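Let's go through this one by question and answer. Have the sequence and the 3D view open as you read.

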Amino acid sequence: MRGDGNTLDQYGSYGRQRRTGGERLWRSFEELEQAPEFRLLAENEFAPGALEREGGPSRRRVLELLGASLALAGAAGCTRQPPEKIVPYVAAPEEVTPGKPLYYATAFLLGKVASGILVESHLGRPTKIEGNPDHPASLGATSPLAQAFVLGLYDPDRSKVVIRHGRISSWVNFLAAAAAERERLLARRGAGFRVLTEPVTSPSLAAALRALLAELPEARWHQYQPLTGDHARQGSRLAFGEPLHVLYRLEQADVIVSLDADLFGAGPAAVRYARDFASRRRPDHPAGMNRLYVVEPAPSVTGAMADHRLALSNRQVELAARALAAGLGLPVSPQADAPAKEWIAAVAADLDRSRGRSLVVAGEHQPPAVHALALAINHQLGNLGRTVFCTPPLEAEPVDQMASLKELVADLAAGRVQTLLILGGNPVYQAPADLGFGEALQRAELRIHLSLYEDETSQLCHWHLPEAHPLEAWSDARAFDGTVTLLQPLIEPLYAGRSALEVVSIFAGRPSQTGEEILREYWRGAAGAADFERWWRSALHDGLVRGSEFPPKPVSLRPDLFARLPEPPAAAPLELSIRPDPAVWDGRFANLAWLQELPKPITKLTWDNAVLLSPATARRLELAGGDLVELSAGGRSVRAPVWILPGHADECVTVHLGYGRTRAGKVATGIGFDAYRLQSSDRPWCTSVQLRRTGERYQLASTQHHHAMEGRRLVREATLAEFRRDPGFAHHGEHPPPADLSLYPPVAYEGYSWGMTIDLNTCLGCGACVIACQAENNIPVVGKDQVARGRAMHWIRIDRYFEGDPSRPAIYHQPVPCMHCDHAPCEVVCPTAATVHSAEGLNQMVYNRCVGTRYCANNCPYKVRRFNFYLYADWSVETLKMLRNPDVTVRSRGVMEKCTYCVQRINRARIAAEREERPIRDGEVVTACQAACPVQAITFGNLNDPAARVAELKKDPRNYGILEELNTRPRTTYLARLRNPNPALERL
Amino acid sequence: MEPERPQDPVATDEEAPVIAPGHTYQTVTDQISAIVLTRKTPREWLLGFTLSFALVMLLLYSIGYLLVAGTGIWGINHPVGWGFAIINFVWWIGIGHAGTLISAILLLLRQEWRTSINRFAEAMTLFAVACAALFPLLHMGRPWLFYWLLPYPNTMGTWPQPRSPLVWDVFAVTTYATVSAMFWFVGMIPDLATLRDRSRRRAAQIIYGILAMGWRGSAKHWHRYETAYLLLAGLATPLVVSVHTVVSFDFSIGIIPGWHATIFPPYFVAGAIYAGFAMVLTLAIPLRALYGLEDFITARHIDNMAKILLATGLIVVYGYLMEAFMAWYSGNEYEWFMIRNRISGPYKACYWALLACNGLAPQLLWFSRVRRNTRLLWLIAIVVGVGMWLERFIIVVTSLHRDFMPSAWGMYYPTAYDWTTYIGTIGLFLALLFLFIRFLPMISIFEMRTIVPPAERRARG
Amino acid sequence: MSQIFHPSTNTISRVSIFGAALLFLGLLWVLYGVNSSAYVTGVGVAVGQPVPFSHKHPVSGIGIDCRYCHSSVEESPVAGLPPTETCMSCHSQIWADSPILEPVRASFRDGRPIEWVRVHDLPGFVYFDHSIHLKKGIGCASCHGRVDQMPLMWKVATLNMEWCLDCHREPERYVRPREEVFNMAWAPPPDQLALGRELVAKYRIRRMTDCSTCHR
């Protein structure tokens, strides 16, 4: 079955052939030559998990197994360590000390917009991504996507060689071909030559392309990526007459209104916005706690944080925006069927009360009108220049990308394009289906595609060029606020890939120029620094060019805005909203198994996308979760499973992009359905759709099946007012056991005593901690089938609860790592003492002593222990071995594992401190989850140090432990959640 | 099945004979030893043995695949970390109780009616324990390291963790297995000697001879024998209570609602005897018919066992009631939810079936007509066997699948390999039993002779 | 009827009964013996290397400090093996053309590293840190023995867990003054325990017997 394809080691052994696609599937030269050792590998039944995947051993092996049964057990008992080789350097590099990691600053790119990261490197192997504290888009934190960046580098499915007409070729051949092509192009001044890129924020790449175009004046440069940002630009053009980029200062705002904007969950600024927002969620903040209103079709990470959330279909969101504008005295005629009038009125009043200290944000997927209205409202409220700033666009050449793509398709169809150079992106898969890009593409005589994977687009191109991963290449990019960020390679390209910059310079006739040379050359000019080398070194070291962010641009509202405001669309019987997937985005991360298995923040689904709809709509359409339906829009249709989501707007369904890949790699190929097929270039994010039941069922793998808290006080919440009245609210109804209630003598934890607090008031449930933990602790991916069987391995589980009316539920997130109980129920029942308490209060898990009775997991009331039911760790794929954290054991089959409070980091800090003969400082030990958390919800430290941040938080009245009545004495505790509702709306 | 025989003695009061009238030493010895030595192997035996042996192969296959692939081939997951393996372990161990109880306790209580059934009850015990002992090993993630549960001098400078009930299990079960094995073998020595003397074939003579350990039946031998047997009985008696008490600790030491209860030890012991006697009946009734042993396993035996079944059944039902009552009376929300979840949760069918099998079915045994109707009794015994398995399923699965954190709740579905392993052990159990009745005296010859009425003893022969 | 067994059977049976018991114990004893033998532990077994390198000459002969080659031993978990460069820094002059050192020169010539065979090989799930042991006053010789007297490298300790715990439980029995850690010849004074206790206090040495000290 499908799920089995992903079971266990998500990649299978290196040599094994992909099952997908009929065409030639080469993985390596050995395979082409069918070298005997390859054939061995290919037939190797015992590649980890092979057995399980084939769903049982072949009949031929039954007898073996019969005999083997007990012999096996005996044999495995006694083993002798095989001799091991040590290979020192011939010439040792200066800065490298074996056994000590180094950190380099570079950037993670989302939609070509940079957010700064620090990459941990062991002996030249990048292993872990951390945020760059100096970088405005990161401030030290990362998104889950950024955490998986390093997995992308080592993905064994990345394309490894140049391919020409589907056969292995080489760069040499391509350079020759490119040189010849260049001559031809020069001859006809570039006529018929097109370059298609994703939007370019890289100053150097833009310069290179401009130079190329100057040389070939007839050539044209098109830009497209699925998340175009066109609507925002058009909205800004409506409002101000020019396409501007809008920035928000959430820490300055008392009242925030999101019109379907997923401020904290999506986009290159999400991490920064979340941090700013959270800074005003603390009740003790001098400026007071902010208030968030969210209007959206499908519950998002942002919606879950809202003090007031209103589920509206896309069309209703637009009507609400108009009503809101009208309510604030703008000359907009509110539609008759505007929804939730009192609600809007209350919000308007609240905004009016906090002029200059509020902001209204329109979602990227909302039509230009909504963006224009939002800007107008901000203008009206005097927020512009206070909480809302307009800057020049981040793209070097801002264009209407959909228009640009349409133009290209038209020219292709008309045969006006001879040579098409596609730099990155995967338009064949990602272009809206109604454009028929794939067919049009094949009209071009020479098609060249540079990309990380040999994907759907490469398949239709004459040349496929392997792209260097951003961690392998030199380049630069702008952050959400325009800050220039330099990207430096951490490792030689694994597969001789080249960067877009280098490929452009091939066409510019300088094939031998390296990315570094090009970059330095460009910035030597652009930096305008007296001492360039100094500038260069500090820019690389800091990972950004200080002071390079865009200055705010003064703007004035166009008087005729409201006259030119397009009318809202007519109501559709059933509305389809299309969104990027929270995990695999627009499909570019689809082959990263970490992200596939990351439970999506609200649905907790893994390994699939689904048709999300509200309980009421499901009832009307007589649908149950897991039903397979056929969605049709614009004459095209897909078959997709249904997932019922409380809090979704009625009469509206949501689907996510990024799935249904036909040529993505072992992980992603063939899973989920392709929502691009429903997308139309005119209304990419919202169309009307027909839904038909097929009567078939489809198994979706969710990590959480029960959504109610059953009245157990796990997440505790109060309104700000209640909290002020009664700060100890979190402790009401507790039955704390007496302090001396134990059969064992009390343990005094002298020295260090580690503990953690998690602030539910700021936790977004975004999942950054989950992936950070996975990367830090070598946690395996188990595949859809195993997740469906309830065997996910994540050490930190983000519980999500719905409470109240399913049409407008309260949504709670609660990250649950190991509680490191002082009276740990797991410890007393382990027969081999494989899990015991440390003198510093850690609940230690000793893998090599574990025999796997699973008694500890059964006896853990928090259910945070994870068992290796199969050999989940991948022992066969070489590149994945490079990814591993050398400080953490790779667990084998049959042992228990769980959160260790990143004990390897504690030990590293302790040894460093002991060597300097000083105690560990507060903040010196930062767990992986804590480091990644965008909102700093997680605090870790030494409880015995009264000055430690964690010790202070433990004294906070909001601090409480869960299931404490069991006398487990958890060391991980929570800070109760607070809401800051609008009294006017509470009454509704 | 057995035809109702007119001459079946119907009197079931104390005076009723425990051996049919008209038997002499000679006839007793002849009839029992003949089964092993002279009588032709019945076709039913061949059929039964073939079937059960096939199941043993199935078991070996399942184990082989388990060791190659890992415990993932079973239905276990988070949160249900224990499934069939532990259920079957407890079930088999329970079944393994009747033997020692009959042999040891009834011996000490001078219940002479035990004599005809104790031998194969003990054998059954032994085989059941053998099946049970498999599971704790197999359910481990790394079974080849089982010896880490034993305290032995090692290079790691570590010891097992004495607070864990699993460590107690190791000792409880191994002790029980050893003692019941010795008890069984010692009890058989005189009969083995008889077989040695009566067998005609050389090989048989030698094998039985070696097993008889040079028994000559001298007064000295008899005297030592009696002492040894009595001592072993004394040793075995506390074990009947201890083993299942310790097994119940596996659960009651745990913190999980549905496990964490002080009632477990007595309730488990009763349940074990209950299941044990059910199994004795399940086997005795057909054997009795197959080998025409009505003279030795008389209606009184059957009747007594049925009564024990009823008594222990009532104790078990009391256990269920107390569990529910305490859950409500304690006012503990988790305990109370656990009971409601059993009654109306996703596994409610199993729970109600359990109550029907263990609670209602045995109530029929209040009627002596039912107790005397071997067919019906046999059915009830089987139903009880199933019920006791369901009880363990309910305890293990429903307690784990929904405990404290609703977010972590899950379901448990057994896989094909769960079933094959379980059925495989049933095959192993039957195969061993078939071999036993074919090659060893399933009824204690010399003990039967002791209960031959004096008048009859000095008959010809 | 005829006797089945010869009278000697009585003796045989008695012997075999007790013999079986003895045999079982014997087996255990053999097992234990094998497990603690050099075959398994590798203690005292000189390990063949691509270059028959002897610590004896450079260390005791010329008196080169351990850190000259194992340069990262004081700041890193791993002591580090010398890059070929380091070897050549001397052997480009001394024994510059001895056939034994050909592999070294070859490595230097075509930049192919020398593949040494690991002598002290801890399992993958054990995390050991050289730097802190030195800092806390555990000498090289305490674990590696008199390397200065080894023509070829071998283990002097089993590296079994009980061996590690032996010191982790009672560090005072093994610690030495920091300035002596690289001194191969240092011998514990008769009042080692007294000295040990003093140093344990001075260096703030704790009994690091938590599992996570070495296992994670």
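Q: Which side chains of chain A and chain B meet in a salt bridge?
A: This is a predicted model, where local features need pLDDT of at least 70, side-chain atom pairs count only at pLDDT 80 or more, and totals for chains, interfaces and linings use all residues. Residues are numbered from 1 along each chain as its sequence is written, chains are lettered from A and ligands numbered from 1 in the order written, and side-chain values use heavy atoms, without hydrogens and water. A salt bridge here is a side-chain nitrogen of Lys or Arg within 4 Å of a carboxyl oxygen of Asp or Glu. At 2.7 Å, N to O, the pair is D403(B) and K863(A).

Q: How many salt bridges are there between chain A and chain B?
A: Using that cut-off, the count between the two chains is 1.
The pair in question is D403(B) with K863(A), so by the definition of Lys nitrogen within 4 Å of an Asp oxygen, the count is 1 salt bridge.

Q: How much area do chain A and chain B bury between them?
A: Buried area is the accessible area (1.4 Å probe) lost when two parts are put together, summed over both. Carbon and sulfur atoms carry 60% of it here, and the total is about 5500 Å².

Q: Is K600(A) buried or exposed?
A: Buried means under 20% relative accessible area and exposed over 50%, with partly exposed in between (1.4 Å probe, protein chains only). K600(A) has 4% relative accessibility, so it counts as buried.
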